[in-house]
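My comments follow as numbered points, to be read with the model open beside you.

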Amino acid sequence: MVVEFHRDLIKELGRCIGCGACNIPCPTFHIEDLRETEGARARVKLLSMLGYGRMELTEEFLSYIFTCMNCGLCSQYCPAGIDVFGVIIDSRSSLIDMGYVPLVTVDMRDAKRRTGSPIGEGLTKGVWLPPDFQPEKGADVLFFAGCWVHTVPEVAMSMNKILQKISPSVTPAGPSEPCCGGLTYVIGERDSADESKERLRAFINSLSPKRVVSGCSLCAGIFPDLQVQYFSSFVEGALNSKVVRLKSLKGKKNKIFLVPSCRSDGASRRILESIKNAIVLETPDWVCCDCGATLIYQADPDKFDRWFRKITEIASDMDADYLVIEEVACYSMISNILEGKNKYKGMKIISFPSFLADHIS
Amino acid sequence: MAEEPAVKAVEEIASQLGEKYVLLEDLDRSAYSYDSSGMQAIPSAVVRPTDAEDIAFIVEVANKYGVPLVPRGSGTSLVGGPLPLNGGLVVDMQMMNGIIDKDEYTGLIRVEAGIKVLDLNKVFSDRFMPVNPDGTGFSTVGGIIAEDAASPLSAKYGTVGDMLLGVEVVLPTGKVLLVEQPGPPSKENILRLLAGSEGTLGIFTSALLKLPLKPEGRLAYEIELTDVSDAISIQSHISRIGMGVAGFEVYHNYKELVEGEGTEVTAFLEISGTKECLGVWDSRLKSVLAEMDITFDQIDEAEADELWERRKNIYELAKRRKVAMRVVSLLVHSHLVRDAVQEIDRTGARLKLPVVTVFNPPLGWVMAIFLYDPTNEKEVERTEKAASNVISRAVALGGSIGYGTGAGVNRISPEMDEGFVALMSSIKEALDPNWIMNPGKLIER
């Protein structure tokens with residue numbers, strides 16, 4: 001199959017100096033025992049070879065380029081200033097524009113067309129709200145939960161409860177909440193992502209809230225122009241201005257291994273560190289997870305499972321008592337692996353909002 | 001996978017190591033076909049050993065079928081060290097990445113060869129110097145021993161070979177040997193031979209290193225120069241007064257290229273030792289600089305650690321100009337550094353390529369960094385021409401290639417250095433009669 005990337009993309013791919021810095025935070029590189037192919041550097045190098053006609057595009061190659069954790073950490077590590085993740089997304093978009101749609105994203109595309117969300121069939125939004133719920137107009141805070149949050153009603157309720165402690169006027173977006181398009185954006189479906197984003201923008205405008213708090217960090221990180229604030233940062237702001245306070249942890253088993261959101265600004269860690277008696281363990285650079293992991297979770301569940309086993313192995317070696325998962329998307333995926341159990345290797349597996357709900361007043 | 005012997009070798013290795021430790025797919029082979037040099041060569045397969053026994057078996061099979069083996073760490077070589085030029089199997093060492101034992105009091109540390117330098121540097125960061133203080137550290141320990149890597153502070157602490165007290169090595173015949181200090185003087189020499197042999201004499205599986213203690217005090221200076229020869233004069237003054245320079249690195253053409261203006265030459269210099277020594281050397285250095293009418297800024301001791309990370313600024317250059325880089329590392333006699341820099345400048349001008357030169361006056365180590373547009377085929381060709389021109393000019397000056405990075409695919413030919421090539425070939429023949437271990441690197445057969 002012939003591939004012709006645009007000149008700017010080829011030039012950016014060709015600028016890679018091959019130092020391997022982007023492999024350091026790359027989750028798939030670590031999941032697969034530091035196998036070069038699974039690292040961010042290989043993705044850039046192989047795309048470069050494809051762009052220069054030194055490799056052929058096969059179905060396997062196509063799946064490979066689309067299947068990573070989509071964490072975006074690689075971009076933060078490149079000493080040559082290449083937006084590694086941006087280049088990968090750009091390549092995916094170009095391939096789609098050329099008509100090369102990988103089989104691994106077809107299900108996601110279909111799900112989005114049929115249900116409005118790429119995360120799959122069976123998603124009913126707002127089940128944690130009263131049946132006749134309608135969002136209020138002009139609220140102080142519009143709570144945009146994000147697709148995955150609706151799959152874990154108890155966490156959605158914890159988030160809503162925390163937001164209500166912070167602000168007297170909070171309204172969830174509810175069952176008619178649209179998908180933000182963040183996930184479709186990272187898998188290169190540019191047009192579909194733009195369409196989703198604009199639909200969400202119109203939805204927000206129709207409710208005229210003073211601010212929007214998102215339960216999905218991917219949405220807040222990928223689309224800064226939507227001006228939605230991620231849940232953890234919003235809560236940190238409220239803690240700093242003393243609108244709410246944190247209660248101390250009781251007992252002696254308080255070692256926390258945090259799995260942060262990949263788009264985290266560090267708010268979740270700072271919040272946990274400020275809880276009295278909490279010991280927040282150091283996590284390796286490559287440990288993070290958010291909605292971007294959906295593709296691997298769906299297309300290569302064994303790999304997602306290996307990721308989970310690997311991080312729990314590290315946490316368990318560090319004698320962690322809690323595995324706190326910041327991003328609800330990730331918590332939901334892990335809950336499915338654990339078939340609803342909330343203990344694993346002696347650790348309590350809990351979402352960050354639920355943990356926080358127990359310790360905020 | 002093309003060659004029949006390689007197919008057989010891979011089948012045999014897979015049956016012993018397990019299929020998951022042998023990579024045959026096109027994607028995997030392509031992912032192991034590059035390093036930081038910009039060159040490419042695709043292996044027949046990739047093998048991923050987890051211990052010395054695995055490697056001994058791989059070597060035995062490779063000898064049986066005459067298949068080349070190419071050891072690879074993180075693939076950060078600037079000279080094509082881990083590229084399988086003649087096909088064969090790449091031996092990926094990254095799964096052997098543990099710390100075997102360590103002593104916080106002496107700075108002795110024994111590690112598996114596939115551990116990353118940045119992970120090693122973290123272990124004793126409070127009391128001991130990092131192995132490679134230039135702020136990168138993505139390479140593996142095995143890789144930097146094989147290339148006998150140098151750093152900006154090599155003037156004081158030497159190269160990695162100087163910190164090496166022992167290795168476990170799988171020889172090209174498959175024999176696993178431990179060569180570890182203490183021992184007779186010749187043992188040290190054997191270790192020095194293995195360090196810098198560029199994977200041509202064996203595969204390191206583990207290493208015993210002794211890290212240097214951090215000095216009591218450090219003083220660092222950023223010096224603005226008007227000409228390369230100023231740096232040589234400073235070096236000659238400080239050598240004459242016997243001052244122990246820890247690091248002295250000079251950037252030529254850097255500011256001009258990055259900012260469009262500024263001094264042609266910027267230098268970073270560090271002295272370290274006891275507080276008393278530093279007091280004396282500081283005032284002597286300042287009088288040397290005053291005599292030469294040279295301006296400088298003193299850098300806080302707290303910031304000295306980050307000083308040598310400034311080499312990463314070269315990446316900044318590539319970032320701002322949106323170009324790729326080709327690095328050529330040379331060693332010349334210190335008094336000829338200026339001539340080498342001039343040759344690099346001339347080459348850049350003649351071939352219309354921007355070039356930054358980084359040199360280390362106490363060592364005579366010169367690195368030419370050519371910047372080019374990777375999408376412009378003619379520019380890529382001119383860059384390769386520039387690299388080979390610079391190498392031949394350095395050799396004409398009595399210099400050599402390979403210091404700090406290894407010679408790699410550039411190879412040292414008999415025309416460059418007849419004596420070395422003859423001796424090294426004899427040693428290679430004796431240890432690796434089938435020339436299976438990383439052929440095509442360091443020397444020509």
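1. Domain bounds here come from an automatic or database domain assignment. On that basis chain B holds domain 1 (4-92), domain 2 (99-210) and domain 3 (217-401). Between domain 2 of chain B and domain 3 of chain B, the C-alpha centres are 26 Å apart.

2. A word on conventions before going further. This is a predicted model, in which local features need pLDDT of at least 70 and side-chain atom pairs count only at pLDDT 80 or more, while totals for chains, interfaces and linings use all residues. Residues are numbered from 1 along each chain as its sequence is written, and chains are lettered from A and ligands numbered from 1 in the order in which they are written.

3. Chain A is split into domain 1 (7-101), domain 2 (141-240) and domain 3 (255-359). The C-alpha centres of domain 1 of chain A and domain 2 of chain A are separated by 29 Å. Seven residues of domain 1 of chain A meet five residues of domain 2 of chain A, where contact means C-beta atoms, placed from the backbone, within 7 Å. On the domain 1 side, helix α6 (residues 84-97) of chain A gives the largest share, five residues. Helices (H or I, at least four residues) and strands (E, at least two) are DSSP runs, numbered from the N terminus.

4. How many residues does each chain bring to the contact between them? Chain A gives 26 and chain B gives 27. On the side of chain A that touches chain B, α1 (7-14), α3 (40-51) and α4 (59-66) of chain A each supply at least two residues. That side has 14 nonpolar, five polar and seven charged residues; Ala, Val, Leu, Ile, Met, Phe, Trp, Tyr, Cys and Pro count as nonpolar, Asp, Glu, Lys and Arg as charged, and the others, Gly among them, as polar.

5. Do look at the pair α14 (residues 337-350) and α15 (residues 377-396) of chain B, which pack at about 155° with axes 10 Å apart. Axes are lines fitted to C-alpha atoms, for helices over the stretch in contact, and angles run from 0 to 180 degrees between N-to-C directions. The two helices are therefore roughly antiparallel (angles over 145 degrees). Residues in this contact include B:I344 and B:T347 of α14(B), with B:N389 and B:V390 of α15(B). By class, the contact has five nonpolar, three polar and two charged residues.

6. Is A:L258 buried or exposed? With 26 C-beta neighbours inside 10 Å, A:L258 counts as buried; the cut-offs are 20 or more other C-beta atoms within 10 Å for buried, 12 or fewer for exposed, and partly exposed in between, with C-beta atoms placed from the backbone. A:L258 sits in strand β5 (residues 255-259) of chain A. Among the residues that A:L258 touches are A:L272, A:V280 and A:V324. A:L323 is 65 residues away from A:L258 in sequence, yet their C-alpha atoms are 6.0 Å apart.

7. Some backbone details deserve a check. Most residues other than glycine have a negative phi, and most peptide bonds are trans. A:Q227, although not a glycine, has a positive phi of about 55°, and A:Q227 counts as exposed with 11 C-beta neighbours inside 10 Å. A:D319 has a positive phi near 60° and lies in the loop between α15 (301-317) and β7 (322-325) of chain A. In chain B, the peptide bond from B:Q181 to B:P182 is cis, with omega near 5°.

How values were computed: Angles under 35 degrees count as roughly parallel, over 145 as roughly antiparallel, 65 to 115 as roughly perpendicular and the rest as oblique. Two residues are in contact if their C-beta atoms, placed from the backbone, lie within 7 Å. Lists of a residue's contacts leave out its neighbours within four places in sequence.
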